[in-house]
Amino acid sequence: MKLVSAFLTYIFSLLGLFAYSQQEIAPAAHSTTPAAAPVPGVLTGIITDAQTGESLPGASIYVHDLKKGTISNDKGIYRITNLNAGKYLVEITYRGYSTIIETVTVNGETQKDFAMKEAVVENEEVTVTGVSSATRIRQSPQPVEVLKREQLFNVSATNAIDALAKTVPGVNGLSTGPAISKPFIRGLGYNRVVTINDGIRQEGQQWGDEHGIEIDDYSIQRVEVLKGPASLMYGSDALAGVINIITQRPVAEGHITANVLGEYQSNNALRGFYGDAAGTKNGFSWNVYGSYKGAEDYKNKYDGRVFNSKFYNKNFGGMLGYTGTWGYSHLLVSNFDQHIGMIEGDRDSATGSFIKALPGGDESIATHEDFKSITPEIPYQHIRHFKVASDNNFVIGKSNLDVTIGYQQNQRQEFGNADEVNTPDAWFNLKTINYALRWHLPATQNWKTTIGLTGMSQSNTNEAEEVIIPDYSLFDLGGFVFTQYHKNKLSLNGGIRFDSRHVNGKPMDVDNQLKFTGFTRNFSNVSGSAGLSYATSDLVTLKFNVARGFRAPNLAELASNGAHEGTNRYEVGANDLKSETSLQVDGGFELNSQHVSLETSLFYNHLSNFIFYEKVQGSAGTDSILTDPNSGNELNVYRFDQNNANLYGAELALDIHPHPLDWLHFRNAFSYTRAQFVNEVDGTKDIPFIPAARLFTDLAVTILPKGKTLRNLHMNLESDYTFKQNHPFTGFNTETGTPDYWLINAGIGGDFVSNGKTLFSLRFTAYNLGDVAYQNHLSRLKYTAVNNVTGRMGVFNMGRNFGIKLNVPLDFIWN
């Protein structure tokens, strides 16, 4: 208790230091004493096999805080230059061996050798999400999952979020077909999950049901998923957690690398191509990539081909950077360009066949040629997301200053008129400037502390006739202090933050009538967290965390007034909504032994002022209905309201790897979330869009770790069972229950090598081998029109699907 008390006292004393920093810093500004120039240091050593003593060429040595690394040479020797004196968290990885993560003190020429053990299970990772500097996951009190590029390569999916949902317990996707999937963490999504891409918060109208994350999944190098409130580091919207996607980072000094990737999936003839090239020499780094992906309409045994589920996208990006003893500076650019068909599910009443819209208001039955095209039909979306960011780290004496600034433009065009296929009905033009300054104070023996400011400036304009939200501007600013303590087996971290957000909704006339009344709202809130991680032994780690998060209402919730296409709703906002706040408690433990690895996490989350939409009642007590002037359809009117709510649940991951059968793994992952309103809403307490419980089992065999031609042969058989969801939000006929379903998947793949170098990696997958017709509870296609011939409501998910991936890596020494 004395240590915890000292920990909290330290946090608040730092707040006092921050508040009076101007008084302390001002006199120092007049000092004429020159600052000592940083002295370049070198970290060098040899990487060996712990059992045989043989050197390990090609091992990766990486310093996350500096975004800098190298690769051991043919004698296992590595060398990282231009390091200032100090402590660095170093990560050493080598395929087939357990990762080593160690804090190394560098002072001048420093030699540090590492002996690696062959891996039984990967139980050591580094995270940079939700913390101020690179941290061992075992020392982070909040649950964090890490997926690397090679793990994503083994997963067959049509977008990045679906890949995460298949892999990470507690993560789900709210989907509108194969190309659109919104991340949900522990039952919460939309603006309650923050997606970070290369250090910049992704902003792309994430309030919309049919809006994805707009990130090229082929370019992803690494994903970190933090489950639970993270407003302390990220401000408003990180109420449910954070998905941190890293696509571009410098390669090893003195190397030029390249990758060529190709993919094909049988169900919808998905074909994807990706290529990248990167190099680093004398501190200068560069990277370029480009990709193309296209898919026809997918199929299942109930619906046949699902009309207009097709899509295609073309993306590119790049990076320029330099790293020296003063720090580093990186300039990153990316452009995401996607065309997506919107599935309406309308069918011919006599045959049950899908129909498509024709000019002049006519319709026809979709043909074989319509299904086989990758060019979307009406209605469809065209999304462009351009981003440029500057990521910098400056050494200031014994401290460091991170400065990040980014600009992004998200243009979303929606086309729905068959008579004018190239004229958008709706066009959102969203421009965002993100900024962050983080001052890492000089580290002591046990403490590391950061003071920071983060925020964004944003504006949205409507460029077409149909308008659902008004033009608006937003300014956001938050300040925080975060500290970490580590000694022996105990790690503590926590901090406090204050945010202020100013929103200005602009008055707008549509067809010479006032549709949006101007308004101004200000939101401010305090966030914080405190947690601990304690290693009771080398095998067991206990974790506990308490966090308070918040989310300011988005513009759709505050001011929408229009038909939300694809949802059959006419939405009306409420200017008087309050911020959502959450108080979440997390607890769990990790066990890593020679035979078993076990991770458990329990959580309870109380949400105040949870925002949801409800039907508007007319004066006669019946549903209020409006006719959409653009489509002529009758739509129910919904408005946004608030209610307190409680969420609780658990995630469990068990990996049985009986020694000496280290090539055999029996992995099991279970996730469960339950959520209820405090007060009933239209006769129910159940909250909408809560995923069903899921049990995922994987029996995997990995052999030939040192094969001369075929290496790391991996074969697996998966059982993916989703329980029935019998707690739907039945208020206003919003949701129905969803039956359970059981999918069987399989895969095989490996690396083909010559003279110890990988020539290419090949992976075959089979998804839904039983061709089961199912509907995921978070699939919005479940609520499309009833097929009058079969009596089934909505569209079903993808049926049996075979996939193949090929990756060709290239690596050259840059002399």
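Trainee: Where does D297 lie?
Mentor: This is a predicted model, where local features need pLDDT of at least 70, side-chain atom pairs count only at pLDDT 80 or more, and totals for chains, interfaces and linings use all residues. Residues are numbered from 1 along each chain as its sequence is written, and side-chain values use heavy atoms, with hydrogens and water left out. Strands (E, at least two residues) and helices (H or I, at least four) are DSSP runs, numbered from the N terminus. D297 sits in the loop between β20 (284–295) and β21 (299–300).

Trainee: Is D297 buried or exposed?
Mentor: Buried means under 20% relative accessible area, and exposed means over 50%, with partly exposed in between (1.4 Å probe, protein chains only). D297 has 0%, so D297 is buried.

Trainee: Which side chain makes a polar contact with the side chain of D297?
Mentor: A polar contact is a pair of N or O atoms within 3.5 Å; within protein, one must be able to donate a hydrogen and the other to accept it, and residues adjacent in sequence count only if both atoms are side-chain atoms. The D297 side chain also reaches a backbone nitrogen, that of N308, at 3.1 Å. The side-chain partner, at 2.9 Å, is K310.

Trainee: What is the space in the largest cavity?
Mentor: On a 1 Å grid over the protein atoms alone, a cavity is a set of points where a 1.4 Å probe fits but cannot get out. Points are joined across faces, edges and corners, and a volume is the space filled by probe spheres set on them. The count comes to 12 cavities of 30 Å³ or more. The largest holds about 650 Å³.

Trainee: Which element gives the most to the lining of the largest cavity?
Mentor: Lining residues have an atom within 4 Å of a point. Here there are 36, with D162, Y767, Y774, N776 and N797 nearest the centre of the largest cavity. Elements that supply at least two include α4 (160–167) and β46 (710–722). With four residues, the top contributor is β12.

Trainee: How many residues of that lining are charged?
Mentor: Asp, Glu, Lys and Arg count as charged; Ala, Val, Leu, Ile, Met, Phe, Trp, Tyr, Cys and Pro as nonpolar; the others, Gly among them, as polar. The lining of the largest cavity has 16 nonpolar and 16 polar residues, and its charged residues number four.

Trainee: Which strand gives the largest share of the lining of the second largest cavity?
Mentor: About 310 Å³ of space lies in this second largest cavity. Its lining has 25 residues, with Y190, R192, E557, I611 and Y613 closest to the centre. The largest share, four residues, comes from β40.

Methods:
On a 1 Å grid over the protein atoms alone, a cavity is a set of points where a 1.4 Å probe fits but cannot get out, and a pocket is an open set with protein on both sides within 12 Å along at least five of seven lines; lining residues have an atom within 4 Å of a point.
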